[in-house]
Amino acid sequence: PPQNVNANSANAANSAEVSKSSGDSTIANKLSENKAETPDSAPSSSATPDKVAGKKVIDKYIAGVAKVSDGEEYKEAEKVLYGDIDGDGDEDAVAQFTIEGMGGGNNYAFYLAVFKNDGGKLTAVTDEVAGGKLNRNIELTKIEKGIIYLDTKEYAADDGACCPSIEGKTSYVLEGKKLVEKKQSK
């Protein structure tokens, strides 16, 4: 199964000194304290996030997860969708990304990360491993009424490691600072 590097260890990437095995919840708060850096000409408050500055925040976050995971992002698979995750009416962001080569091997994990819109600036909230090698494939499809929807492919008994074949759906919601999966019936 993929290495389960969650918000606790992913957020650690922004700390100066962090061990790879760290899973301390105090580390989880470090990245969420970091705000997006926006140009001086950007409005100080807006319901719409500055997507250019937001992309920088997302990229920095993903780089931190990759570093802590001792892997690299597969950039071509990255997907970012915007929608209201926390019910405040502002557009937040959800990023789906893949970290591969963890520890020099051929393992990979699919992550979801949530970024809250705080006055037009995106702030990292949390991430969750939502799939990966010998787990399942995921595809972020939409955000609607605070729910993050994904298409999935699970492994049948005789599927190769590359190719899960059982199609399904799932969703996640943000509960506090944690992503919680709400499995959908098939």
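**Exercise 1. Surface and burial**

Determine how much accessible surface the protein has and what share of its residues counts as buried.

*Solution.* The accessible surface of the protein comes to about 9600 Å², with areas taken from the Shrake-Rupley method with a 1.4 Å probe and, for residues, only the protein chains shown counting as cover. Carbon and sulfur atoms hold 47% of this surface. Next, take the residues: of the 186 in the protein, 46% count as buried. Buried means under 20% relative accessible area, exposed over 50%, and partly exposed in between (1.4 Å probe, protein chains only).

The structure is a predicted model, in which local features need pLDDT of at least 70, side-chain atom pairs count only at pLDDT 80 or more, and totals for chains, interfaces and linings use all residues. Residues are numbered from 1 along each chain as its sequence is written, and side-chain values use heavy atoms, with hydrogens and water left out.

**Exercise 2. Order of elements**

State how many helices and strands the protein has, and in what order they run.

*Solution.* Count the elements: there are 3 helices and 9 strands. Helices (H or I, at least four residues) and strands (E, at least two) are DSSP runs, numbered from the N terminus. Then read the order from the N terminus, which is α-α-α-β-β-β-β-β-β-β-β-β.

**Exercise 3. Ser69**

Locate Ser69 and decide whether Ser69 is buried or exposed.

*Solution.* Ser69 belongs to helix 3, which spans residues 51-69. Ser69 is buried because its relative accessibility is 2%. Finally, examine its side chain: a polar atom there lies 2.8 Å from the backbone oxygen of Val65.

**Exercise 4. Thr152**

Describe the setting of Thr152 and identify which residues Thr152 touches.

*Solution.* Thr152 sits in strand 7 (residues 147-154). With a relative accessible area of 5%, Thr152 is therefore buried. Leaving aside residues up to four places away in sequence, Thr152 is in contact (heavy atoms within 4.5 Å) with Arg136, Asn137, Ile138, Ile166, Glu167, Gly168, Lys169 and Thr170. For Lys169, 17 residues apart from Thr152 along the chain, the C-alpha separation is 5.3 Å. Across the protein, 49% of contacts between residues at least 6 apart in sequence join residues at least 24 apart.

**Exercise 5. The disulfide**

Identify which cysteines form the disulfide, and classify the exposure of each.

*Solution.* The structure holds 1 disulfide, a disulfide being a pair of cysteine sulfur atoms within 2.5 Å. Cys162 and Cys163 are the partners, at an S to S distance of 2.1 Å. The angle about the S-S bond is -90°, and the link is left-handed. Cys162, at 58% relative accessible area, is exposed, whereas Cys163, at 41%, is partly exposed.

Note on methods:
A polar contact is a pair of N or O atoms within 3.5 Å; within protein, one must be able to donate a hydrogen and the other to accept it, and residues adjacent in sequence count only if both atoms are side-chain atoms.
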